[in-house]
Amino acid sequence: MSDGHPRSGPARQAPRGWTAETGGWTDRADQAGSWTDQTGVWAADQTGAWAAQDPYPQGPSAPHDPSPEHAPGHHPLPHDHTAPRSDPAAGAWPSAHAEAWAAQGPYPQGPYPPRPFTPADSDGASAERVRQAAEAPPSAPAEARVPYDPSPPYDPSADRDRAPEPQLPTGGRKAARLAREAERSGGGRRGRRRADGNRKGNGRGRAGAPNQPEPHQPKPDPRARLRRAGLVKAVAFCAAVVAASMLMLRGSEALGRLGVPAAPDSKAGAPAAPADAPDPGRVLQIVAHPDDDLYFMNPDLRYSISTGHPVTSVYLTSGEADGINAGAAKETTTAPNKPAYAEARQNGIRAAYAKMATGDRSSPWKRTAVPTKGGGQAEVDVLLAKPQVNLVWLQLREAGNVYADVPDSLHGLWDGKVPRLEAMLSSGTPVKQKYAYTKDQVVQTLVGVLEQYKPTTVRSQDPTPGRFADTKRYTDHQDHFYGARFVQMATAAYAKDVQDRPHFALQNYLGYFNGYLPSALDPDEAKEKLDILDTYAWLDRQNHCGSDAGCGDLKVADHPAGNRWSDAINYARGNSTSWLTSDQEHGLWAFKVLDGQVAVWHRRGLVGPWRGPDLLPGTGMDPGVSTVTLKDGRIAAFGTRTSFGARPADYKREVVHAVQKGPGAAEFGEWQSLGTPETTDETWTSDISAPAVSVDGAGQLAAYVRDGAGSLRGRVQQADGGWGPWEKYGGSDLHGAPATATDGAGRRMVFCATSKTVLGWAQPKPGAPLGPVTATGLPDTTLPLTAQGREGGVRLWFRKPGSGNVRTALVTGDGGLKVNNLTDLGGLSGFGSVTASGHVLAGRAAGGQLGSEVGSGRPWERSPLMFVGAPSSTMTGRTMVSLAVVGLDARLYVTSSADAPDAHLAPWQPVGPRNGAP
């Protein structure tokens with residue numbers, strides 16, 4: 001959520017009992033983390049992950065190998081069979097998989113057929129009614145408003161691809177008119193006979209026989225004709241009602257399917273899912289150490305597993321530290337054994353994942369050695385009861401120190417201090433081949449993992465964590481952020497070189513510095529997180545895994561919560577809530593980073609068809625986009641871009657922006673760089689926040705970031721279109737990203753959170769420089785701020801620490817910044833950014849789904865959607881609100897509501913086809 005770090009005051013000092021040099025409560029040198037990536041739909045092959053030619057039984061009662069080496073944490077199950085034993089010498093990969101993990105994925109891939117969409121109203125009347133409602137003034141009567149159009153957005157390709165459908169009766173009037181014409185043209189009996197023949201085709205009568213003279217019939221009764229016409233009208237009316245009802249229900253059915261977890265399919269011949277069934281997405285996490293995922297990515301990790309998403313965690317290093325698996329009391333009397341300690345940590349991770357997925361920490365795993373694209377081998381573990389849960393162990397050496405210069409480390413390899421980094425194999429691994437990787441081979445190994453799993457969401461640690469202001473030491477473990485830089489390089493290569501893949505989104509997570517920030521989780525969520533950490537720490541010392549190395553990490557057993565890490569989770573980037581915006585024609589524009597490029601979705605007008613995602617030219621984009629509408633109606637998109645350069649020291653993160661070529665135009669200009677206030681990577685590890693942007697009442701555009709020193713910096717566009725220098729606006733102890741908006745007088749206000757409060761800046765008048773930093777007097781927050789001009793001032797929304805409740809306050813600028821009416825709005829717990837437009841509030845709820853409130857005082861509602869980053873909303877016209885998220889499948893989902901106290905959100909609609917190859 002934030003790039004923030006302790007930069008002043010007591011918060012810079014390590015807490016009592018926590019050793020900064022080793023990054024733990026004892027002498028341990030790392031915090032590790034596990035990952036879970038899943039392969040998507042598991043219907044096609046029985047292996048659940050890797051070896052399609054080496055099937056194994058599925059389900060909780062699957063046979064397993066009771067050997068401690070190959071099945072840690074296994075208790076005998078009620079049967080006499082055992083799982084096939086891995087053969088490390090021969091390699092668990094069948095011969096067909098002797099090459100790198102690329103050719104065959106463990107789940108079926110696209111191209112996914114597009115979901116057929118239906119226009120809301122074919123005669124355009126609905127579009128006109130919605131347009132009139134959106135343009136109506138706020139005082140328009142409620143009857144004139146259209147809360148929402150529940151029909152899916154129209155996709156013209158669906159009409160092209162759809163087979164002709166039988167025509168339903170078009171209405172009673174038309175049927176009666178045809179009957180009268182038939183009577184006039186055929187004189188009653190002959191007209192009916194002609195109509196009957198045309199109805200049956202080819203001039204034939206009943207049963208297809210040649211036309212025969214019909215027997216004499218009495219003259220028809222006119223009243224009978226009227227009754228028949230009335231019957232036709234009734235049938236037509238019923239058909240129209242049924243058709244309309246089906247359109248109304250269709251969105252609700254799609255929403256219901258979103259809430260159903262994807263269950264593993266044990267039959268290769270199982271029927272395929274419907275073409276419009278939502279893709280659950282595939283999550284791939286890459287972390288430095290075993291436990292980094294449990295400390296810094298949970299509860300997101302638990303949410304993904306519990307809802308059935310395929311999850312795979314990749315561990316770059318073995319996390320061997322000093323090899324002592326003991327708490328402080330027994331540290332001096334325990335002999336070091338690095339392979340055994342690495343195995344104990346692996347056992348703890350397997351137990352934690354098994355508990356999250358099945359409730360049983362001893363649920364068995366299948367462990368296999370596989371070749372990598374980098375020329376080495378990796379261990380791949382598949383949870384038999386939930387084969388969509390995988391662990392991948394690359395087992396490289398760790399640095400063994402948070403910040404000291406250690407050449408044999410990911411940091412040393414990145415900087416070229418060593419040509420290769422050797423593996424540190426755990427004692428129980430099926431991998432027996434020794435290997436070492438160059439920098440490029442580490443990148444290629446990760447590219448191979450990405451090719452194998454084809455994720456739609458990639459989770460990684462923070463590549464730019466910054467330094468402490470007083471000591472200049474890293475605020476996070478060097479393995480964490482240099483590992484994240486390897487992930488950046490690998491995802492860039494994967495996006496560039498691999499064509500047969502889905503789009504993917506990236507999410508970065510803050511690390512050690514979470515311990516210095518306000519608690520982001522409510523007590524129940526924190527307890528759930530700590531419970532999983534207790535499992536990893538092996539508190540009960542029972543040998544449930546059957547391993548001599550131990551069943552968990554005893555170094556953290558004295559303090560499983562770490563440095564308050566069990567209370568927190570923060571995204572390092574991607575917290576902006578302004579990535580959805582509306583244009584002058586009430587069209588919608590959405591901007592998110594996919595594949596390292598900014599993706600754009602566009603809906604023309606209120607009810608036009610959607611287009612996208614279209615990727616804007618330019619790579620290296622970091623998660624998170626902020627938008628602003630310029631004075632002339634054009635949209636400008638801002639973000640940050642990372643480049644690697646020819647030398648390791650050339651690593652750079654800079655602010656960039658692209659401007660629409662004209663109001664409503666689909667084309668945007670090239671990305672223009674505003675540079676960075678951080679001149680070198682060495683000074684603050686390129687630690688700048690995502691930009692916040694606004695246009696004041698004079699039409700002046702400005703962009704603001706939080707710099708590595710924890711102060712506010714900004715650039716203002718000049719009248720000639722050029723940009724002024726990076727100005728220093730002061731402030732200290734700033735964390736996360738700033739937020740900005742203009743008040744009713746057109747004055748720009750800027751806000752940013754600290755570890756204790758919120759600081760603010762304001763223009764004295766439009767066009768003037770920002771005034772001095774001002775204490776708002778607001779209490780501490782969980783960092784992400786949302787600002788919006790309302791009620792003559794600027795309203796802020798944020799979360800209450802330790803609760804997840806949403807709070808709001810109005811800030812006015814007359815006579816200096818003044819905070820009015822701090823209010824607690826409640827919510828569904830959760831964490832992260834809150835988006836607000838009109839009567840709609842939305843943010844991540846406990847459980848990971850989207851929670852929303854539509855109208856003050858109404859109960860919060862929960863959507864089944866799991867999503868990446870932050871939600872975004874915007875006013876569409878004067879009385880409509882649109883809300884959007886990007887799901888874990890990297891697909892855009894949108895809904896809408898009338899901006900009225902009694903309105904409801906329409907069913908969520910996915911935009912475009914399922915996420916297949918771009």
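Select asparagine 821 to begin: at 64% relative accessibility it counts as exposed, where exposed means over 50% relative accessible area, buried under 20%, and partly exposed in between (1.4 Å probe, protein chains only). Asparagine 821 lies in strand 30. Its phi is near 55°, a positive value in a residue other than glycine. Most residues other than glycine have a negative phi, and most peptide bonds are trans.

The model is predicted: local features need pLDDT of at least 70, side-chain atom pairs count only at pLDDT 80 or more, and totals for chains, interfaces and linings use all residues. Residues are numbered from 1 along each chain as its sequence is written, and side-chain values use heavy atoms, with hydrogens and water left out.

Strands here are DSSP runs of E with at least two residues, helices are runs of H or I with at least four, and both are numbered from the N terminus. Two strands pair if DSSP finds at least two bridges between them.

Now select strand 29 (residues 806–812), which is joined to strand 30 by six bridges and runs antiparallel to it. Pick threonine 808 in the viewer; its bridge partner in strand 30 is threonine 823.

Zoom in on strand 19 (residues 692–695). Ala692 and Ser694 point one way, Val693 and Val695 point the other way, and all are buried. Four bridges connect strand 19 to strand 20 (residues 701–706), and the two run antiparallel. Serine 694 stands opposite alanine 702 in strand 20, while valine 695 has leucine 701 as its bridge partner there. The two strands form a hairpin with five residues between them, and glycine 699 in the turn has a positive phi of about 80°.

Step back to threonine 685, in the loop between helix 13 (681–684) and strand 19. Threonine 685 also has a positive phi, near 55°, in a residue other than glycine. At 3% relative accessibility, threonine 685 counts as buried.

**Cis peptide bonds**

Select asparagine 298 and proline 299, which are joined by a cis peptide bond with omega of about 15°. Proline 299 sits in the loop between helix 6 (292–296) and helix 7 (300–306). Next, go to glycine 612 and proline 613: the peptide bond between them is cis, with omega near 10°. Proline 613 belongs to strand 14 (residues 610–615).

**Cysteines**

Show the cysteine side chains. A search of the whole structure finds one disulfide, defined as a pair of cysteine sulfur atoms within 2.5 Å. Cysteine 545 and cysteine 551 form it, with their sulfur atoms 2.0 Å apart. The link is left-handed, with -90° about the S-S bond. Both cysteine 545 and cysteine 551 are buried. Cysteine 752 is also buried, with a relative accessible area of 0%.

**Nonpolar cores**

Select Leu294, Ile305, Ile349, Tyr353, Trp601 and Leu892, which touch the most other members among the 59 residues of the largest nonpolar core. Such a core is a set of buried Ala, Val, Leu, Ile, Met, Phe, Trp, Tyr and Cys residues joined through side-chain atoms within 4.5 Å. Helix 8 (residues 338–358) gives the most to this core, with six residues. A second, separate core has 42 residues, including Ile286, Ala369, Val442 and Tyr494.

**Glycine 400 and the whole chain**

Select glycine 400, in the loop between strand 6 (389–396) and helix 9 (410–415). Glycine 400 is partly exposed, with a relative accessible area of 28%. Its C-alpha atom is separated by 9.5 Å from that of histidine 477, 77 residues apart along the chain.

The protein chain has 13 helices and 38 strands, and 59% of its 918 residues count as buried.
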